[in-house]
Amino acid sequence: MNRSRTLGEQLRRLRLSADLTLEALAERSGVSVRTIGDVERGVSVAPHRRTIDALARGLRLGPSDRESLLRESRARRAVPAQGPRASAVAPHRVWDFSGREREIAEITSFLSPSGEGRVAPVVISGLAGIGKTTTALEAIHRLEHPHRPVLFLDLDGLSSSPLTPIQVVGALLRQVPGLGEAVPRTLDDAVLRWRAVTAEQAVTVLLDNADSERQVRPVLTLGTDSAVVITSRRALAGLEGVRRITLGPLRPEESVELLAKIIPADQREAGDLRELAELSSHVPLAMRIAGNRIASTPAVHAGDFSARIRSAENRFRMLVAGDLAVEAAFTLSYEDLEPAVATLFRAISVLDAGTFDARIAAATLASPVSTGAVEDWLDELTDLGLLEARGGNRYHLHDLVRLFAGSRRVAADDADGAPGATRARRDRLRHWLLGSLERAGAWFEPERSPTGAGPAGVTFADAEAADAWIRLEEHHWWPAMQAAAKAGEHALVVDVADAMHWFSELWAEWGHWTEFFGLAVDSSRALGDERLEAMHLGYLVWATVVESSDRVEGLRLARLAVTAAEASGDHQQLGWANFYLSWMLKENGLDGSLAACRTALLQFGLAGDSEGTTSAASLLGDLARATGHHQLALDEYRAAYDQVHAGAPVFTRAMTLLVSTLHYRMSEALVALDRPAEAIDAADRAIAIAEEVRGLTLVRMSLRARAIAHLAKGDGQRARTDIERALEGLDVTSTTGVNTAFRDTLLPLLDEAARTVGGGGTSSSVRTR
């Protein structure tokens with residue numbers, strides 16, 4: 001009788017019949033050369049179904065040959081492995097172990113008897129190549145148990161047939177001195193024997209590379225004085241009563257320390273190691289491979305090696321040294337994914353940076369999938385160490401893993417005959433992000449309804465949720481906005497920028513509004529729309545002054561806005577353009593500000609724009625204050641306030657913000673009129689209203705105004721409290737104009753408050769601020 005061909009023999013025959021090399025089949029199928037070679041040589045006798053499916057697609061097999069491969073794979077998977085195949089010889093303790101001091105301290109404290117009962121097992125999980133085994137060995141070595149036997153077993157968790165529970169217990173029993181080779185034949189007998197043995201003699205057990213809870217549970221029945229450490233790419237969340245350590249990348253200083261131990265001093269310069277660590281994503285395996293490659297070739301310099309792996313296409317090709325390869329380590333985890341999870345893993349590689357949630361992850365998929373299903377798949381990726389959970393249902397993809405997932409995405413798209421799929425995926429994600437941003441901004445823009453669904457993206461239940469999303473996802477939507485402008489999606493750019501106009505006042509400290517509205521100005525011009533050009537030039541005036549304090553440039557932009565508005569003939573934009581012109585003429589100390597402001601009021605009236613009318617009325621008060629007419633300024637602010645309440649009993653969020661601004665301005669005018677008590681009352685109202693709409697910048701400005709009023713009354717203690725509160729949350733390293741202005745005014749006030757508390761009296765300069 002002829003022997004049937006093995007899976008490997010069948011695959012090799014089919015590959016040669018198709019006249020394909022290993023490399024050619026790998027390129028077609030997306031399966032690594034190493035994996036294909038392992039199958040053909042019989043090293044991998046039962047690869048996952050998706051691997052067989054990918055190979056069948058790459059070979060362009062008909063139904064008969066495809067089913068033959070699948071049948072042989074299923075048959076091999078059904079045959080239980082015999083004997084203790086996995087290694088029972090512990091890897092050596094690495095001489096150059098670096099970092100992980102905090103984690104080592106935790107592990108050793110968990111494994112040290114405390115007199116409160118049994119020692120809880122420790123599970124160490126994390127990404128492939130992150131150093132789980134080396135960390136476990138280092139921690140066990142540092143335990144103060146010199147005479148306790150250490151039992152090591154590789155559970156072969158990433159193979160097609162990991163060790164069974166009885167094989168695990170049997171292999172450990174064989175390592176116990178004096179027991180010989182006789183091992184019980186059933187799992188129950190083996191567990192009873194294991195309990196008896198470890199009750200007589202305490203042991204330390206390292207179970208490496210575990211696949212599942214089922215594999216290790218019988219081992220955890222050992223005596224109370226013994227210790228167990230388990231390493232796994234999976235979190236093994238089903239184990240009860242264990243202590244958990246999740247390893248992430250090394251900290252930057254630890255990475256430099258590791259590389260310095262591996263790379264000779266004459267092959268590196270200051271700064272080389274930091275760059276090499278960054279390019280290796282601070283993953284120990286990647287750094288060890290890079291360091292070994294450099295150290296093994298004296299003519300190679302660390303800086304030269306870094307230059308070669310900067311490009312993504314070279315990264316994995318270069319991070320190979322002997323039998324160590326970063327890509328191969330990741331492949332083992334990837335091939336353990338279910339098809340839907342693997343699809344998501346490939347898809348999220350288009351997310352360029354930062355953390356993300358399930359909604360954004362779902363937006364990377366070609367077909368709609370429920371957020372709940374995506375959350376489950378993200379948890380599976382986290383459980384396998386391919387994704388890092390960051391809390392608050394946020395996830396992070398490390399750079400090396402992103403490159404790996406991206407390479408698999410490209411291979412899968414090519415195999416499916418869809419080489420343009422990546423671009424389409426990025427387009428969908430961009431439109432989803434900007435659609436969501438428009439819906440979020442609509443909660444703050446008076447002329448938009450925020451409750452309806454947009455063409456893409458998500459909607460938000462309220463303004464607070466919208467505000468939180470905008471700030472949290474900025475690292476996603478801001479690159480999307482830039483990409484949209486570059487792609488020529490001008491209508492989308494100007495629409496989103498307009499939706500964000502009033503919100504920008506609430507987040508003046510962001511620091512990129514000049515670029516943001518600059519994109520909208522360029523898009524407006526590309527569309528040939530003077531009304532839109534005038535609108536976004538006005539927004540750009542505000543951003544320029546707030547972020548760089550460049551009032552000369554602000555004046556130039558305001559004049560351009562007037563020109564564009566006149567060409568459009570739009571009353572509303574004529575109002576806003578003249579408003580910005582009036583403001584800039586005032587700030588530059590030039591004539592014409594009052595006339596421009598009155599023109600703005602006229603045009604706003606013709607347009608029926610209540611927000612514009614209130615803004616221009618407030619500016620009239622500012623013009624009066626600028627010329628020292630503080631009573632006139634106060635009268636203008638109060639007239640504007642009365643007009644608002646007479647004409648707009650139902651406030652938009654924008655109008656609420658303007659009312660808060662009027663109270664803040666009144667407070668400043670009242671201090672100048674030497675009426676500090678009234679000024680404090682006005683500032684109180686400004687703060688309360690600004691807090692209601694989350695106008696943090698206006699809250700800080702109003703706190704400053706109230707502090708000045710307290711100082712005018714000689715109350716340094718209350719002034720100091722307000723100033724310190726205004727400084728809370730202010731980025732002291734930011735060079736944004738608004739932050740610089742706060743620092744320049746608040747810090748001297750803090751000194752003034754300290755002198756007043758100390759009995760130094762009230763500075764007359766404070767009264768005229």
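**Exercise 1.** Which strands does helix α7 lie across, and at about what angle does it run to β4?

*Solution.* The model is a predicted one. Step 1: locate the helix, which spans residues 132–142.

**Exercise 2.** Give the strand order of the open sheet and name its edge strands.

*Solution.* Step 1: the sheet has 5 strands in the order β2-β3-β4-β1-β5, and their pairing is parallel. Step 2: β2 (150–154) and β5 (243–247) each pair on one side only, and they are the edge strands.

**Exercise 3.** Describe the pairing of β1 with β4.

*Solution.* Step 1: strands of a sheet pair through backbone hydrogen bonds, either parallel or antiparallel. Step 2: here β1 (residues 122–126) and β4 (residues 227–232) pair in the parallel sense, over 4 bridges. Step 3: for a residue on this pairing, take Val123, which stands opposite Ile230 in β4.

**Exercise 4.** Decide whether Arg346 is buried or exposed, then describe its surroundings.

*Solution.* Step 1: Arg346 belongs to helix α17 (residues 339–347). Step 2: a residue is buried under 20% relative accessible area. Arg346 has 17% relative accessibility, so Arg346 counts as buried. Step 3: leaving aside residues up to four places away in sequence, Arg346 touches Tyr334, Ala405, Arg408, Arg409 and Ala412. Step 4: with Tyr334 there is a polar contact between the two side chains, at 2.8 Å.

Methods. Residues numbered from 1 in each chain as written. Predicted model: local features only at pLDDT ≥ 70, side-chain atom pairs only at ≥ 80, totals over all residues. Heavy atoms only, no water. Pairing = 2+ DSSP bridges. Helix = DSSP H or I, 4+ residues; strand = E, 2+ residues; numbered from the N terminus. Contact = heavy atoms within 4.5 Å. Axes fitted to C-alpha atoms, helices over the stretch in contact; angles between N-to-C directions. Buried < 20%, exposed > 50% of the residue type's maximum accessible area, 1.4 Å probe, protein only. Polar contact = N/O pair within 3.5 Å; in protein donor to acceptor, adjacent residues only side chain to side chain.
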